[in-house]
Amino acid sequence: MQFSLVAKDIQSKARAGVVQTAHGAIETPIFMPVGTAGTVKAVHQRELKEDIKAEIILGNTYHLYLRPGLNILEQAGGLHKFNGWDRPILTDSGGYQVFSLAGTRKIKEEGVKFKSHIDGSTLNFTPENVMDTQRTIGADIIMAFDECTPYPCDYTYAKNSMERTHRWLQRCVDRFDSTEPKYGYDQTLFPIVQGSTYKDLRVQSAETIASFGREGNAIGGLSVGEPAEMMYEMTEIVCDILPADKPRYLMGVGTPANILENIALGVDMFDCVLPTRNARNGMLFTTQGVINIRNQKWATDHSPIDAELGGYVSTFYSKAYLRHLIHSGEYLAGQIASVHNLTFYLWLVKQARQHIIAGTFRDWKDVMVKKLMVRL
């Protein structure tokens, strides 16, 4: 994997770049739709490519390990062949799922023991077998196995967790570097900065992660309930330490405003379930602000969902029709809303990139953040 910088914003730390992978180039800043179980919920691969214009999607190691399982993925020739997506894929390590399964997990130095949410069977994830699992899934970018701390958590817990994450990273690197990809193309490993919301821990973790010299780096443990300003503070601290010639990935973030503010701090890559999850519940992100399509006010609004955004679903279907589908419980509602929201998210980061290259990002960002938070 290679990363090249194309432009830097003069008035902020935003940058535009290109990540080159075996499955194609990714223009940054970029948003990655989340395809947890090998699919972005309610969205065809054709729509992802042609309508949404996604350049990379996410797969989830924990869920893919359980279903369909590694044997089936390997028989298919990896996740790309299994789901038909021929552009880059990033897999998370399962660390966040371990975090979310707090009631059924036990974290030890060797790894994590927890129970499957499907059948209750006991599973063991270690840095080594998580590397092997992601090799088998076949992602272009795979994540180190880390521990994601909750918010809030006390300093001692955060420090011990961070230090364990660093020890696990060394084991991930050793396993990754001693094994080969299975499907004939290169894969790359991103380590993850932790440290909760403690400045000194974030500094220590960022310095440790940077010292490994991998092709890219990630920032984890944010967007877990902390105030947005605290997220921005931690992100800025970390971005100032992580090498500028490598992509920076802020995991699990976030709202349109979160994404723009973090781009301004030097982040290149984002992912979040928000656009698709909120879509299925009737919340639409548009170029004019946020719409709750369930509200009565849209019942007789026969204008397009978002004429300014463009794209098939956003200009073909009306607000009134989508509201009708939502209230009728039609599956098509979730599909239309998901495609629309993801189209908006990809439009947003592509607009950000254009403004970075043009040297107008900061002023544009300040206007857009206010605009996109308006409830219509």
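Colleague: What should I know about the model before I start?

Modeller: The model is predicted, so local features need pLDDT of at least 70 and side-chain atom pairs count only at pLDDT 80 or more, while totals for chains, interfaces and linings use all residues. Residues are numbered from 1 along each chain as its sequence is written, and side-chain values use heavy atoms, with hydrogens and water left out.

Colleague: Which strands form the sheet that includes β1, and in what order?

Modeller: Helices (H or I, at least four residues) and strands (E, at least two) are DSSP runs, numbered from the N terminus. Two strands pair if DSSP finds at least two bridges between them. Here 3 strands form an open sheet in the order β1-β2-β3, with antiparallel pairing. β1 (2-8) and β3 (24-28) are the edge strands, each pairing on one side only. From one strand to the next, the twist averages 15 degrees.

Colleague: How many bridges join β2 to β3?

Modeller: There are 5 bridges between β2 and β3, which run antiparallel. β2 and β3 form a hairpin with 2 residues between them. On the β1 side, strand β2 (residues 15-21) pairs with β1 over 6 bridges in the antiparallel sense, and Lys8 stands opposite Arg15 in β2.

Colleague: Which helix lies across β1, β2 and β3?

Modeller: That is helix α14 (residues 331-358), running at about 120 degrees to β2. Axes are lines fitted to C-alpha atoms, for helices over the stretch in contact, and angles run from 0 to 180 degrees between N-to-C directions.

Colleague: What is the strand order in the sheet with parallel pairing?

Modeller: The order is β5-β6-β10-β11, 4 strands in an open sheet. β5 and β11 (188-190) stand at the edges with a single partner strand each, so one side of each has no neighbour in the sheet. The twist averages 25 degrees from one strand to the next. Helix α6 (residues 127-137) packs on this sheet and touches β6, β10 (141-143) and β11; its direction makes about 155 degrees with that of β10.

Colleague: Are the residues of β5 buried or exposed?

Modeller: Buried means under 20% relative accessible area, exposed over 50%, and partly exposed in between (1.4 Å probe, protein chains only). In strand β5 (residues 57-60), Ile57 and Gly59 on one side and Leu58 and Asn60 on the other are all buried, so both faces are covered. Strand β6 (residues 89-92) runs parallel to β5 and is joined to it by 4 bridges, with Thr91 as the partner of Gly59.

Colleague: How do the axes of α10 and α15 cross?

Modeller: The axes of helix α10 (residues 256-263) and helix α15 (residues 361-372) come within 9 Å and cross at roughly 160 degrees. That makes α10 roughly antiparallel to α15; angles under 35 degrees count as roughly parallel, over 145 as roughly antiparallel, 65 to 115 as roughly perpendicular and the rest as oblique.

Colleague: Which residues of α10 and α15 meet?

Modeller: Contact means heavy atoms within 4.5 Å. Pro256, Ala257, Leu260, Glu261 and Ile263 in α10 meet Phe361, Trp364, Lys365, Met368, Val369 and Leu372 in α15. The residues of this contact divide into 9 nonpolar, no polar and 2 charged. Ala, Val, Leu, Ile, Met, Phe, Trp, Tyr, Cys and Pro count as nonpolar, Asp, Glu, Lys and Arg as charged, and the others, Gly among them, as polar.
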